[in-house]
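Open the model in your viewer and keep the selection tool at hand. The stops below go one by one, each with something to select.

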Amino acid sequence: MELEQFIADCRAAVTDSAATKAVREAVARAVSDSSALEQILGTPEQGGIQRIHVSDELTILNVPRMTIMPHNHNMWAVIGVYGGREDNIFWRRIKDDPLGRIEAAGAKSLGPADVRPLGDDIIHSVTNPTSKLTAAIHVYGGDFFATERSEWETEGLEERPYDIEKAVRLFEDANK
Ligand SMILES: [Fe+2]
């Protein structure tokens, strides 16, 4: 798998009328050969967000995951895991809750070569149940760094604005 080809495939896919399906197929192809992808992107040794491609229409990140609090994206996404494991909890908003709280609605455990598309309004949290970092490609249907979204603090599950700088800091702290 050539990284340049994967980026080109994703860029072509977002213009497709069935963009998430086309991106899902491109990600599935990429993570189907986990060891090839790991050679290209490197074995994750610490957390952190590696920007593979960022434009208005498309963001591709290599995200070695630890644990991430509930958050939404406000754009569709496709996750493909190529190493380790990530346990996703999916949440739904509690209707008319004044604090914007959420309740758990489902779960999906993703291992190597697993691909999961996420709709625009999905809320999820991610836990890594293994002792090594999860290796995953994340593709988003927009500019991940320029879109407002929410996160939910883990004790009370109350909604607040997502702070990308804080998320980057959390990765850095966890690496220390
Ligand atoms: Fe996410």
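**Stops on the tour**

Select arginine 160 and glutamate 151: their side chains form a salt bridge, with N and O 3.0 Å apart. This is a predicted model. Glutamate 151 has a relative accessibility of 3%, so it counts as buried, whereas arginine 160 is partly exposed at 34%. The whole structure holds 7 salt bridges.

Next, select lysine 21 and glutamate 25, another salt bridge, at 3.1 Å from N to O. Both lie in helix α2, 4 residues apart, which means about one helical turn separates them. Lysine 21 is exposed, at 52% relative accessibility, and glutamate 25 is partly exposed, at 41%.

Move on to arginine 92 and glutamate 103, whose closest N and O atoms are 3.0 Å apart in a salt bridge. This pair links distant parts of the chain, 11 residues apart: arginine 92 is in strand β5 (residues 86–93) and glutamate 103 in strand β6 (residues 102–110).

Now turn to the nonpolar residues. Which members of the largest nonpolar core touch the most other members? Select Phe6, Val27, Ile60, Ile137 and Val139, out of 23 residues in that core. Elements giving two or more residues to this core are α1 (3–14), α2 (19–32), α3 (34–41), β4 (77–83) and β9 (135–140). Helix α2 provides the largest share, 7 residues. Another core, of 15 residues, lies apart from it and includes Met75, Ala77, Ile79 and Ile164.

Finish at isoleucine 60. Beyond its neighbours within four places in sequence, isoleucine 60 has contacts that include Phe6, Ile7, Cys10, Ile137 and Val139.

Note on methods:
Residues numbered from 1 in each chain as written. Predicted model: local features only at pLDDT ≥ 70, side-chain atom pairs only at ≥ 80, totals over all residues. Heavy atoms only, no water. Core = buried A, V, L, I, M, F, W, Y, C linked by side-chain atoms within 4.5 Å. Buried < 20%, exposed > 50% of the residue type's maximum accessible area, 1.4 Å probe, protein only. Contact = heavy atoms within 4.5 Å. Salt bridge = Lys/Arg side-chain N within 4 Å of Asp/Glu carboxyl O.
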